[in-house]
Amino acid sequence: MCGIVGFIGHVDAKEILLTGLERLEYRGYDSAGIALFDQDAVHVFKDKGRIANLRSVVDPQVKGTVGMGHTRWATHGKPTQRNAHPHQSSTGRFTLVHNGVIENEIELRETYLSDYAFQSDTDTEVIVALIEKLALTHDLATAIQCLIEKLHGSYALGIIDHEQPDVLYAVKNKSPLLLGKGETFQMMGSDAMAMLHCTDQLIEIHDKEYVRIEKERLTIYDATGQVVNRTPFVAQIDATEIEKGTYAHYMLKEIDEQPVVMRRLIDTYFKAGQIDIDDAILATVEQAKRMYIIAAGTSMHAGWIGKQLLEGTGTPTEVHIASEFVYNTPIITEGALFIFLSQSGETADSRAVLVKMKALGYPCLTLTNVAGSTLSREADHTLLLHAGPEIAVASTKAYTATVAVLAILATRLAGESDFNLAHELAVVATVMESLIADKEMYSQLARTYLTAHHAFYIGRHVDYYTALEAALKLKEISYIQAEGFAAGELKHGTIALIEDQTPVIGIISQAAVHLNTRSNLKEVEARGAKTLTISFKSLSLASDQVIIDDVHPLLAPLITCIPTQLLAYYGALHRQLDIDKPRNLAKSVTVE
Ligand code: F6R
């Protein structure tokens, strides 16, 4: 979702900001803009669409050593040039970029700004108008403190005050924002990616803090104006990992990286053949009487598989949609442990649950791919996914890494057994390799089977969870209306939708239920469906279109998802869609 980058130093900020915005593109956006302060005037350039459009409207003659850039994912108002950020106050004194949602914007408009002539439909313009009003009667530091008091909701803000040409301000509550430290320059950014081309020295900003950013120094203040000292940390991302290389799309690169990720997890989480998890994490997990997995989207699908794995250790485990749990909280059992699954570590829905559960005193563990992310920092413990940066909006390698880390946790929790997980994961990596080597076959299958505007994935047991994830992957990048169903449930209503040539893809990896799923495939075939079967070799028929070498049945979801990722990829490719940046979607969903 919206991305922010800011720079103040001794060189022209223009290219630094544009590169930063390009690095933030993966978060998802529909318009973009920059502001450059050249000591006399603040120049704003913005446009709807991609950064390439923005580049074409930026005047190359304009230079400024202070500036801010923004990618906007529309919430209030359409993705137009008018609604794009930066926004300026009516006198032009303040220029502002914002990531988040102001929940009390209507009240603020009515109470303080009833005579203000708004130029856009955004909640952001309310903030810039309000700061201008507050600064009429207060010095800017006090005005920002008043602003923090008045704003309800989530916001990461970058502010330029025309009266202070050598300062940039940052303010944060709930939405992500980091500071970047250099010798002769300072930065702010929604995440490390926005700043890595200049610095890997980062500093956290906590909620309701604001920062005065000058060329040679950063000063953080709490909401009451007290100075806060905070030590920088080094970003744990290799900038080369975010290059696409020879791949046409990040998504294909990330699908291909999955065997490497599995091997990296073996290296990271096993020492001398034994699972090596931090003692404090282990103690917390062992004490849990019931686990609550909280996640959204693809991470939630990984959570369903995690439930299966964790309940195998005897601990009851529930899976909840983050956005539902926070405002419709069920009865929580004594001895609860909250496990947050989040690739980005920034998902606002999950964070809202984390904040609430921490306040209630429950232990919280986050599984995330991003070290130093909000959900990681704010939980008691973190287990990292080690998948490397995932840039494509559609999650692939972070999904399989989440499932693998949950398998590692569950196996360690189960204690002594003959199950050699390191060996089984190594087998998974090898089978993954053989599947991704056969790309042409998936391209052909996508051409043959994904011909309609709708499709169904069906499976039983853990294959049902894979069906849910497969359908989401197909929907989000190919825009095919796809649904994942428990195979046995289809006949209880949804089978009414099956007509001639409806694509139905069956997933078969579990011996106990494979015949039942085959019966369900027959039922839809009898009604005209065009079926495609993905099955384990030991359960396969010669007529199955995709036959996969067996892996341990508990780890089947790590393998059965690969053909479905490739089908989604080629389905979208054949439709010539923007695979890495599907419409309306954001990688980092930082608003509730
Ligand atoms: C789909 C996808 C999303 C995310 C969801 C949660 O491919 O990536 O469904 O899984 O938005 O995001 P994270 O995992 O970052 O919390």
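Q: How are α13 and α18 oriented to each other?
A: Roughly antiparallel, a label for angles over 145 degrees. The axes of α13 (residues 397-414) and α18 (residues 556-574) cross at roughly 170° and come within 10 Å. Axes here are lines fitted to C-alpha atoms over the stretch in contact, with angles from 0 to 180 degrees between N-to-C directions. Helices are DSSP runs (H or I, at least four residues), strands likewise (E, at least two), numbered from the N terminus.

Q: Is this a predicted model, or what am I looking at?
A: Predicted: local features need pLDDT of at least 70, side-chain atom pairs count only at pLDDT 80 or more, and totals for chains, interfaces and linings use all residues. Residues are numbered from 1 along each chain as its sequence is written, and side-chain values use heavy atoms, with hydrogens and water left out.

Q: Which residues in α13 and α18 meet?
A: Y399, T400, V403 and A404 from α13 meet L558, C561 and Q565 from α18, with contact meaning heavy atoms within 4.5 Å. That contact has five nonpolar, two polar and no charged residues. Ala, Val, Leu, Ile, Met, Phe, Trp, Tyr, Cys and Pro count as nonpolar, Asp, Glu, Lys and Arg as charged, and the others, Gly among them, as polar.

Q: OK, ligand. How many residues surround the ligand?
A: 15, the closest being S299, S342, S344, T347 and E476; a residue counts if one of its heavy atoms lies within 4 Å. The shell divides into five nonpolar, eight polar and two charged.

Q: What about T347 and the ligand?
A: A polar side-chain atom of T347 lies 2.4 Å from a ligand oxygen. For the side chain of S344, an N or O atom is 2.6 Å from an oxygen of the ligand, and for K473 the value is 2.8 Å.

Q: Which elements give two or more residues to the ligand shell?
A: α9 (297-311) and α16 (462-478).

Q: Where is H461?
A: In the loop between β23 (454-459) and α16. H461 has a positive phi of about 60° although it is not a glycine.

Q: And which peptide bond is cis?
A: The one from H85 to P86, with omega near 0°. P86 sits in the loop between β4 (66-72) and β5 (87-88).

Key
Angles under 35 degrees count as roughly parallel, over 145 as roughly antiparallel, 65 to 115 as roughly perpendicular and the rest as oblique. A polar contact is a pair of N or O atoms within 3.5 Å; within protein, one must be able to donate a hydrogen and the other to accept it, and residues adjacent in sequence count only if both atoms are side-chain atoms.
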